[in-house]
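Student: Could you take me through one part of this protein slowly? I would like a close look at its aromatic rings and the residues around them.

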Amino acid sequence: MKKLKLGLTFLFVTLIVAIFTLLNWVLESGELSLLALEPSRLLPSNLAVVDLVAQQSAPQQLRAQDAWKFVYEKLPDLPIENNYISKETGKVDPNNTLVGRLIRYHVFVKGRPTNYRFDWKLSLADYLGATPDYLVENVYPGNDVLRENPMERDRTAIQSLNRRQRDALVQALVDVFTENSGRGGPPAAGTKPQGRETSPEIPQPQPGDAKLLTP
């Protein structure tokens, strides 16, 4: 009986040793080891993830950067304020406009949605000094790429608009980011996107016009 137990014990130990030996050989050969798999087969690389995020966010950023062109098509009488000198080129950057900076402030500095009138009114109220969120020079759009910070002149330009003009600007911004969000790209210089009606003129300032946010 003792011999039988010893024999079974020896057989069991031999079997365990054989199993571990086989597993060790398989793992070392890399046939079943997860460690032997390339990381790219398990999860996308960091670069792939960054590229995917960039591809998904690029259209929205492109619209935010180019939308000013469509706004000026709708409201050609708006102040352009694009005579600032670029730090990089040393020349005037005609594409750095008042409306372009307003859009970048609204989208990238304040992180507000682009398809609601109320949110655009809040951003204009920042320029008017009617909200606690006053403009800050070191984060204002253009401060990092222009030799002169355009913030004060932009504030003055917005404050020079009357209530009807600011209402027209708000409506144009909402229209650009909603009705025309599916178009392929910005218009060429001197052309209008198809289906666009004649650009309306901004009414001239009238005595007694209240601020934009006044009910």
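Predicted model: local features only at pLDDT ≥ 70, side-chain atom pairs only at ≥ 80, totals over all residues.

Tutor: Happy to! Over residues 29–59 the pLDDT stays under 50, and the model has 8 contacts for them beyond four places in sequence. Residues 184–205 also have a pLDDT below 50, and that stretch has 36 contacts in the model beyond near neighbours in sequence. For the protein, the mean pLDDT is 73, with 54% of the residues at 70 or more. Confidence is lowest in helix H2 (residues 39–42), with a mean of 36, and highest in helix H6 (residues 151–160), with 97.

Now to the rings. A pair of aromatic rings is described by two things, the distance of the centres and the angle of the planes. The count here comes to 5 aromatic pairs. Take Trp68 and Tyr72: their ring centres are 6.2 Å apart and their planes meet at 75 degrees, so this pair is edge-to-face, as the angle is over 60. Both residues belong to helix H3 (residues 46–74), and because they are 4 residues apart there, about one helical turn separates them. Are they buried or exposed? Buried means under 20% relative accessible area. Trp68 has 12%, so Trp68 is buried, and Tyr72, with 11%, is buried too.

A second pair, Tyr105 with Tyr140, is tilted, with 6.3 Å from centre to centre and 35 degrees between the planes. Where do its two members sit? Tyr105 lies in helix H4 (residues 98–109), while Tyr140 is in the loop between helix H5 (117–128) and H6, so the pair ties together parts that are 35 residues apart in sequence. Tyr105 is buried at a relative accessible area of 4%, and Tyr140 is buried at 2%. Ring pairs also bring in Tyr127, linking Tyr105, Tyr127 and Tyr140 into a cluster.

With a relative accessible area of 1%, Leu102 is buried. Which residues does Leu102 touch, leaving aside neighbours within four places in sequence? Leu102 is in contact with Trp120, Ser123, Leu124, Tyr127, Leu169 and Leu173. One of these is Tyr127, a member of the ring cluster described above.

Definitions and conventions
Residues numbered from 1 in each chain as written. Heavy atoms only, no water. pLDDT = per-residue confidence, 0-100. Contact = heavy atoms within 4.5 Å. Phe/Tyr/Trp six-rings, centres within 6.5 Å; stacked < 30°, edge-to-face > 60°. Buried < 20%, exposed > 50% of the residue type's maximum accessible area, 1.4 Å probe, protein only.
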